[in-house]
Amino acid sequence: MPDNLQHRLIGESNAIGEILEQVSSLARISRPILVVGERGTGKELIAHRLHYLSARWQGPFISLNCASLNESLLETELFGHEAGAFTGAQRRHSGRFERADGGTLFLDELASMSARLQEKLLRVIEYGEFERVGSQQAIRVNVRLICATHEHLPERVANGLFRADLLDRLAFDVITLPPLRLRQDDILLLADFFAQNMAQEFNLPAITGFAPDIQQQLVLYPWPGNVRELRNVIERSVFRYAEPGRPLTRLCMDPFASPWRQTPEPVVDEAEKIPMNWQEHMAEYERKLLMKLLMSCHYNQRSAAQRAGLSYDQLRGLIRKHAISTRPPEMRQHPT
Ligand SMILES: Nc1ncnc2c1ncn2[C@@H]1O[C@H](COP(=O)(O)OP(=O)(O)OP(=O)(O)O)[C@@H](O)[C@H]1O
Ligand SMILES: [Mg+2]
C-alpha cells in the first residue's frame, strides 16, 4: 500500500481498530462493500484502503460522486456513450465502469440515484455487463464496487426511494464509520497529524503540540463535520497562529467569525450540540452569545447592554463571569 500522506489513516481508538480489521479482511474478497457514516468521517479514505489492500491494488481506482451529476450525465459517466448517441456526443466516451476494469469503482453519494439508473446498476452487478448509451453491444467488465453514502439506505428502501434488491447486492458487507465525537481518543492524534502535515507542506513553524485548554476544547467540541472539520480547523489555526517551538495556544474554529459578519449564526444549531454537562453547556452558550453581542456592538458595552435589554451592571457582571476581553481583537496584544 502506498504510504501516501493524503491516504494515511490515523486512529488508535477501539472503534477504528475494529474497522481496520474489518477493512483488511474485506479487502481480500472481491465483493461489493457499502461504507456509511456521517459527512467527513473518512468514507473515501476507507474505500481507498479497501482497494490498496486488495489483489486489485495495481489496477485502477476510479471514483465518481453520483450526487454531483444529473441523471443523464451520471448515466454517460457511468456507462459511457457511443459517438452520435445524442446531440453533442461527437466521440465515443468510455464510462467509469470501463475505466475501472480490473480495479475498483468507488461510487460516492449514490443514495439519490434515479430508479432507472438503479436498475441499470443492478444489472451490471448481476451480470457483469452493460451497454454504452447508444449501443446494443454488451461490454463485460471485472470491477469491484465500493459505494458510500451518509444517508440511511434501509430507510430509503422502506420509503420506496431505493431498490431493496440493489441494496442487497451493494452491501455484501457494510462498514459503518463512527462520528468523531464518539471516538474522542483519536481527536488529538488526528489534530497532531494534521498540524505536522500543514507545517511541512507550507514550511510553517513546527509547533510542539497544543496548550492544555486547546486540547480540552478540541476533545469536547462535538465536530458535526467530523474529521474533515477537524482538519480544516487545525490547518487554519496552524496557518494563522503557529509559533516556532511553542505549543498552539489559539484555535480558529470559524473562519467567518468577524465583527462584521453579515448574518448571525442560527441560534438553533447550539441546541444540536450534545450537552456533555448541562451547566457547562449553558455557560458556554452564554459565553458565546455574549461574545457575539459584544462583537455586534463593536465592543461598546453600553450599546451592547441596551441591545440585550440588560442593565450596564448586569452586562459587566456577565463579562467578568466569563472573563471576556472587552477590547476588539485587533487591539489585543495577547490572544485571548
Ligand atoms: N482516520 C483518518 N485519518 C486521517 N485522515 C482522515 C481520517 N478520516 C478522515 N480523514 C481526512 O478527513 C477528510 C475527510 O475524509 P473523507 O473525504 O474520506 O470523508 P467522507 O466520509 O468521504 O466525507 P463526505 O461524506 O463529506 O464525502 C479527508 O481529508 C481525509 O483524508
Ligand atoms: Mg466522500
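What radius of gyration does the protein chain have, and what would a compact globule of 336 residues have?

## Overall dimensions

The protein chain has a radius of gyration of 25 Å, whereas a compact globule of 336 residues would have one near 20 Å; the radius is taken over C-alpha atoms, and the globule rule is 2.2 Å times the number of residues to the power 0.38. Along the principal axes, the C-alpha atoms of the protein chain fill a box of roughly 80 × 40 × 40 Å.

This is a predicted model, in which local features need pLDDT of at least 70 and side-chain atom pairs count only at pLDDT 80 or more, while totals for chains, interfaces and linings use all residues. Residues are numbered from 1 along each chain as its sequence is written, and chains are lettered from A and ligands numbered from 1 in the order in which they are written.

## Secondary structure and the sheet

The protein chain has 14 helices and seven strands, which are DSSP runs numbered from the N terminus (helices H or I, at least four residues; strands E, at least two). Five strands form an open sheet with parallel pairing, in the order β2-β3-β6-β1-β7, where two strands pair if DSSP finds at least two bridges between them. Because β2 (61-65) and β7 (173-176) stand at the edges with a single partner strand each, one side of each is left without a neighbour in the sheet. From one strand to the next the twist averages 20°, with axes as lines fitted to C-alpha atoms and angles running from 0 to 180 degrees between N-to-C directions.

The pairing of β2 with β3 (residues 104-108) is parallel and extends over five bridges; S63 stands opposite F106 in β3.

## Domains and their contact

The domain assignment, whose bounds come from an automatic or database source, gives domain 1 (5-178), domain 2 (185-254) and domain 3 (256-336). The C-alpha centres of domain 1 and domain 2 lie 33 Å apart. Their contact takes 11 residues from domain 1 and 11 residues from domain 2, counting residues whose C-beta atoms, placed from the backbone, lie within 7 Å.

## The shell around ligand 1

Of the 17 residues around ligand 1, I10, G42, K43, E44 and V227 come nearest, a residue being near if its C-beta atom, placed from the backbone, lies within 6 Å. The elements giving two or more residues to this shell are α2 (43-52) and α10 (226-241). The shell draws at least three residues from each of domain 1 and domain 2.

Definitions and conventions. Contact = placed C-beta atoms within 7 Å.
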